[in-house]
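Hi,

Here is the structure I promised to pass on.

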Amino acid sequence: MARRLTVFILIGMVLGIVVGFAVRSFVPADSQAYEYWLRGFGTLATIFLNLIKMLVAPLILGTLIAGIAHMGDSSALGRIGTRALAWFILASLVSISLGLVMVNLLEPGAGLHLAVGAHSTAEVGEVKKLDLFEFIEHIFPKNVVQAMAENNVLQILVFALFAGIGLTAIGEKGKPLVRGAEALAELMLQITGYVMLLAPLAVFGALAKVVAQYGLAILGTYAELLTEFYIALVLLWTLLLGAGAIFLRTRIFSLIRYVREPLLIAFSTASSEAAMPKLFEQLDRFGVPRRISGFVLPLGYSFNLDGSMMYASFATIFIAQAYDIELSITTQILILLTLMVSSKGIAAVPRASLVVITATLAMFDLPVEGVALVFAIDHFLDMGRTATNVVGNAVATSVITKWEGMLEVEEPVDAERPHAPAHTVHRGARGLDLAEDMVTDERKQPPADR
């Protein structure tokens with residue numbers, strides 16, 4: 001099944017849409033049965049996402065500690081980090097700029113002619129305020145166990161940096177811990193293989209719930225916005241993959257093939273986190289050493305959200321267009337610079353993109369209630385931008401590896417991971433010191449029959 005996982009995920013997507021539409025069409029929305037259907041669909045996706053979240057923290061911790069310890073050169077770590085951040089900043093600038101250019105060219109909000117107050121911020125629900133100073137303070141953990149329990153990627157990253165550099169400093173004494181970190185990372189990837197078998201069911205449940213809840217009609221209502229946003233995403237993919245091809249040459253096509261499963265998982269579940277363990281595994285097979293992926297990928301998941309940044313610029317100008325508010329070139333450049341800074345503070349914030357959009361609207365005196373315009377189809381927009389985040393981070397990690405001269409030979413894309421022994425000769429009794437009469441039927445017979 002592992003070799004055909006992509007096919008099963010695609011089947012799950014199609015069936016999810018069909019079954020969700022059937023429930024929407026034939027089950028009354030105010031009935032208890034409808035609620036049970038929604039909860040059932042949601043449970044399938046929630047179980048998968050919970051299992052994935054269970055793996056993320058120990059996987060990042062083990063991979064990063066082992067990678068830094070094996071690097072054996074703290075200056076190399078600084079060099080790789082500098083190159084990664086330079087790539088992330090450039091990719092951010094391209095993503096946000098492309099979003100601004102495309103939304104001005106296509107003008108999806110023109111013609112709506114909304115009046116201020118047409119929507120209520122209550123439609124969006126509570127959105128946590130973005131505070132740059134709180135974010136900076138939040139990066140540094142006061143309790144690593146709590147950071148792992150909350151899957152706080154940045155705090156785990158900071159602790160792992162200290163731990164990895166510390167292990168290189170103590171040398172031979174730290175080798176047992178390094179081997180333990182390696183084993184922990186391998187174990188998490190092995191468990192990932194088991195959890196991925198549930199991915200088709202999770203994809204089915206996630207899409208079925210969304211379609212049953214909102215119906216396909218909502219896609220028609222927002223058809224122009226959806227179509228034009230996805231056109232912008234396709235252009236961004238082209239730019240990202242084109243930039244990657246400059247470094248990777250023809251191997252960029254192999255990279256697309258290797259990351260197709262993480263992409264499908266990210267797209268269908270609208271969760272970058274759900275794709276992370278599988279992305280680690282596939283980058284391993286593509287030839288990216290753990291010492292690079294373990295450092296760059298978690299960093300990218302916090303600072304290199306290309307799809308989310310494009311969405312923030314696209315949605316901000318779309319809302320201004322919907323309310324017939326003309327924005328000068330100067331104002332749009334200021335919005336771009338604002339998003340460049342504020343988008344770096346959205347890691348681990350619920351509804352992260354909506355937080356950034358809301359903060360930007362408020363800063364430039366634009367109608368904050370306009371967020372409700374995109375909130376109705378946020379899930380469908382989120383699917384595309386999440387998949388783009390995965391593409392951006394896969395390309396960034398591979399390019400930096402090539403830049404460092406560390407890109408290894410590819411392994412088979414569908415290579416099987418080790419299997420737990422089953423149906424062995426000893427039938428699970430290996431290592432037990434059993435007397436002969438304890439494994440025969442003699443002791444079970446009555447004394448008179450012996």
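Predicted model: local features only at pLDDT ≥ 70, side-chain atom pairs only at ≥ 80, totals over all residues.

Let's start on the outside. Leu 90, Leu 93, Val 94 and Leu 239 make up a nonpolar patch on the surface, and together they have about 320 Å² of accessible area. Helix H3, which covers residues 74–106, supplies the largest share of that patch, with three residues. Leu 93 is in helix H3, and its relative accessibility of 36% puts it in the partly exposed class.

Val 374 sits in helix H18 (residues 371–375). Its relative accessible area is 1%, so it counts as buried. Leaving aside residues up to four places away in sequence, Val 374 touches Leu 225, Tyr 311, Ala 315, Phe 318, Leu 354 and Leu 381. Take Leu 225 from that list: 149 residues separate it from Val 374 in sequence, while the C-alpha to C-alpha distance is 9.0 Å.

Asn 393 belongs to helix H19, residues 378–403. This one is buried too, with a relative accessible area of 2%. What does its side chain make a polar contact with? The partner is the side chain of Asn 304, at 3.2 Å. Asn 304 also turns up among the residues that Asn 393 touches, along with Leu 297, Gly 300 and Tyr 301, again not counting residues up to four places away in sequence.

On to the rings. A pair of aromatic rings is described by the distance of the centres and the angle of the planes.

Phe 229 and Tyr 230 form an edge-to-face pair, 6.0 Å centre to centre with 85° between the planes. Phe 229 is buried at 1% relative accessibility, whereas Tyr 230 is partly exposed at 26%.

Phe 247 and Trp 403 form a tilted pair, with 5.9 Å between the centres and 40° between the planes. Phe 247 is in helix H10 (residues 223–248) and Trp 403 is in helix H19, so this pair ties together parts that lie 156 residues apart in sequence. Phe 247 is partly exposed, at 29% relative accessible area, and so is Trp 403, at 37%.

Last item: Phe 229 and Tyr 230 also belong to one aromatic cluster with Tyr 311 and Phe 314.

Cheers

Note on methods: Residues numbered from 1 in each chain as written. Heavy atoms only, no water. Patch = residues over 30% accessible without salt bridge, like charges linked within 9 Å, V, L, I, M, F, W, Y side chains within 5 Å. Areas by Shrake-Rupley, 256 points an atom, 1.4 Å probe, with all protein chains shown as cover. Salt bridge = Lys/Arg side-chain N within 4 Å of Asp/Glu carboxyl O. Helix = DSSP H or I, 4+ residues; strand = E, 2+ residues; numbered from the N terminus. Buried < 20%, exposed > 50% of the residue type's maximum accessible area, 1.4 Å probe, protein only. Contact = heavy atoms within 4.5 Å. Polar contact = N/O pair within 3.5 Å; in protein donor to acceptor, adjacent residues only side chain to side chain. Phe/Tyr/Trp six-rings, centres within 6.5 Å; stacked < 30°, edge-to-face > 60°.
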